[in-house]
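Dear colleague,

I am handing over the structure below, and after it I set out what was found. Please read the notes with the structure open beside them.

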Amino acid sequence: MLWLLGATGFGTAAFLQVRRFNRAVRHAPVCENAAVLACAQAAAEQIGVPQRVRRRMRILETPRVSAPATMGLLRPILLLPEGLPQRFALEELRMVFLHEFAHLRRKDLWLNPLLLGLQIAHWFNPVLWFAFTQMRRDRELACDALVLEQDRAQFKRLYGETLLRLLEDFAPRKSAILPSVGMMESNRHLKEIGRASCRERVSNCV
């Protein structure tokens, strides 16, 4: 009975949170900046997102996210914090797009419902919650690895500097229940990659 009460309570809270988030996103304005849209399409093609997925993709600006994120199983939606396209240069936006579209290429969004179901069923198990935290961190590292497959040193430095700027200007995600994946789910690995890229730049200059 105790397990059932906990699972029901956690499941209900998760359902309501996801529902509120989806409603808010549905009313968010669509990005119509031609340069940003072209940059996103180029990044999606570069990272290997299938053409049928690229055609259905939308970009929204919303205050409901504190950092870039991607959601949507059948029709992907890229969520950007309000003001990010205006504050970042196109090359920096390209780095953000490459990371987010790496999630689409890896089909990470399809794992979210399964993980949420396991969290509801095992709400009492701290070991499983710790494992999910580590899994999200590894998922971000895998997306970083896809982006960093580029061979140009300048590209790697720009990616690291973009990550550090995101950490300075935007806040990490506060909830692991939302139906989206984002590049700031684990700020620890962002700091490591960003600082490593900056150290590489300094060593090359020396």
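**Overall layout**

The protein chain contains nine helices and four strands, and this is a predicted model, which should be kept in mind throughout. Read from the N terminus, its elements follow the order α-α-α-β-β-β-α-α-α-α-α-β-α. Of the 206 residues of the chain, 44% count as buried, and among contacts with a separation of 6 or more, 70% join residues 24 or more positions apart.

**The first helix**

Helix α1 (residues 2-26) has 25 residues and spans 36 Å from its first C-alpha to its last, close to the 36 Å expected at 1.5 Å a residue. Its buried residues are Gly6, Ala7, Phe10, Gly11, Ala14, Val18, Phe21 and Val25. In general, residues three or four places apart on an α-helix point the same way, because there are 3.6 residues a turn. The cover over the buried residues of α1 includes β1 (58-61), β2 (69-71), β3, α6, α7 and β4 (180-182).

**The nonpolar cores**

The largest nonpolar core has 33 residues, of which Ile47, Phe97 and Phe101 touch the most other members. At least two residues of this core come from each of α2 (34-47), β3 (77-80), α5, α7 (126-147) and α8 (153-169), and the largest contribution, eight residues, is that of α5. Leaving aside neighbours within four places in sequence, Phe97 is in contact with Val36, Cys39, Ala40, Ala43, Ile59, Leu78 and Leu80. Another core, of eight residues, lies apart from the largest one and has Val25, Ala28, Leu60 and Met71 among its members.

**Rings and a charge**

The structure holds three aromatic pairs. One of them is made by Phe97 and Phe101, which are stacked, with 6.0 Å centre to centre and 20° between the planes. These two residues are four apart in helix α5 (residues 90-106), so they are separated by about one helical turn. Phe97 is buried, at a relative accessible area of 0%, and Phe101 likewise counts as buried at 0%. For Trp123 and Phe124, the ring centres are 5.9 Å apart and the planes stand at 85°, so this pair is edge-to-face. Here Trp123 is partly exposed, with a relative accessibility of 28%, and Phe124 is also partly exposed, with 46%. Elsewhere, Arg165 lies over the face of Phe88, at 4.3 Å from the ring centre.

**Cysteines and one backbone angle**

The count of disulfides comes to zero. Of the cysteines, Cys31 is buried, with a relative accessible area of 7%, and Cys39 counts as buried at 9%; Cys39 is also one of the residues in contact with Phe97.

Which residue has a positive phi although it is not a glycine? That residue is Lys107, with a phi of about 60°. Lys107 is found in the loop between α5 and α6 (112-121), and with a relative accessible area of 53% it is exposed, because exposed means over 50%.

With best regards

Note on methods
Residues are numbered from 1 along each chain as its sequence is written. This is a predicted model: local features need pLDDT of at least 70, side-chain atom pairs count only at pLDDT 80 or more; totals for chains, interfaces and linings use all residues. Side-chain values use heavy atoms; hydrogens and water are left out. Rings of Phe, Tyr and Trp (its six-membered ring) pair if their centres lie within 6.5 Å; planes under 30 degrees apart count as stacked, over 60 as edge-to-face and the rest as tilted. Buried means under 20% relative accessible area, exposed over 50%, partly exposed in between (1.4 Å probe, protein chains only). A charge sits over a ring if NZ of Lys or CZ of Arg is within 6 Å of the ring centre and within 35 degrees of the ring normal. A disulfide is a pair of cysteine sulfur atoms within 2.5 Å. A nonpolar core is a set of buried Ala, Val, Leu, Ile, Met, Phe, Trp, Tyr and Cys residues joined through side-chain atoms within 4.5 Å. Contact means heavy atoms within 4.5 Å. The expected span of a helix is 1.5 Å times one less than its number of residues.
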